[in-house]
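The following note records some points on strand pairing and nonpolar packing, for comparison with the coordinates.

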Amino acid sequence: KTELGIWLNKNVTSFSSSKIVKLAPGAFSNQSDLTSINLPNVTILPPYAFYECYNITQFITGKLTRLGDFSLTGCYLIPSLDVSGVKYLGRNVFGGNHLTELKVLDFKNLETMSYNCFWKSTFEKIWLPSTCVIIGENFHEKASEVDTVIYTDATAQPSSWDNEWNYCGHT
C-alpha cells in the first residue's frame, strides 16, 4: 500500500488504483483534464487533494472520514459523494463550488467543521447531526442564486454554533 504524492501529466483523464490508501497533500491539485477518479481504499482527503479539478465526473473513494482544507474546492461536476462517515471538514472544502450535479449532503457522524467550509456553495440541502459540536465561523455564506437549507437533529443550540444556529431548520 502506498501514498500518492506525484504530479500527473496534464493529458491524464483517468486515474484508478486499489493499492493506494493515502494521498499526499495536493496529490491531484490543478489537474483540469482529470475526469475520473477511482481510489476505493482512500478514506481521507488531505488538503488540496483535488483542488481545482474542474472536470471530475466520476469520483469513487472508500468511506470518507476526513476532508482536508480545500480538498474538493473547484470540483464542480462530482455527481455524488458519500459523506455519511465524515467526522471532520477542513477550511473551504466546498468553498465557492457551484456544483451542477451534487445538491444534497447528508452528514451522519460529523463532529467538526472549519470556517468557510460551504462558503458560497450551491447545495440545496445540508444535514448536520447533533454530533457536530464544533462549527467554525462563516461555515456557510450562501451563494446569491441558491437558498441552501441546513437541517439538524439538535434540539438545543450547541455552544460553539453561535449565530450559525440561525441558519438551521430543526427537525
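1. In this predicted model, strand S4 (residues 36–39) pairs with strand S6 (residues 58–61) in the parallel sense, and the pairing runs over four bridges. Within this pair, Ile37 stands opposite Phe59 in S6, and Asn38 stands opposite Ile60 in S6.

2. S4 also pairs with strand S2 (residues 14–16), again in the parallel sense, here over three bridges. One of the positions involved is Ser14, whose bridge partner in S4 is Ser36.

3. Taken together, the three strands form an open sheet with the order S2-S4-S6 and parallel pairing. S2 and S6 each have a single partner strand and stand at the edges, so one side of each is left without a neighbour in the sheet. From one strand to the next, the twist averages 5°. As background, strands of a sheet pair through backbone hydrogen bonds, in either a parallel or an antiparallel arrangement.

4. Which residues have the most contacts inside the largest nonpolar core? They are Phe50, Leu72, Leu89, Phe94, Phe107 and Phe118, in a core of 40 residues. The elements that give two or more residues to this core are strand S3 (20–23), S4 and strand S11 (125–128). In soluble globular proteins, nonpolar side chains tend to be buried together.

Terms used
Residues numbered from 1 in each chain as written. Predicted model: local features only at pLDDT ≥ 70, side-chain atom pairs only at ≥ 80, totals over all residues. Heavy atoms only, no water. Pairing = 2+ DSSP bridges. Core = buried A, V, L, I, M, F, W, Y, C linked by side-chain atoms within 4.5 Å. Buried < 20%, exposed > 50% of the residue type's maximum accessible area, 1.4 Å probe, protein only. Axes fitted to C-alpha atoms, helices over the stretch in contact; angles between N-to-C directions.
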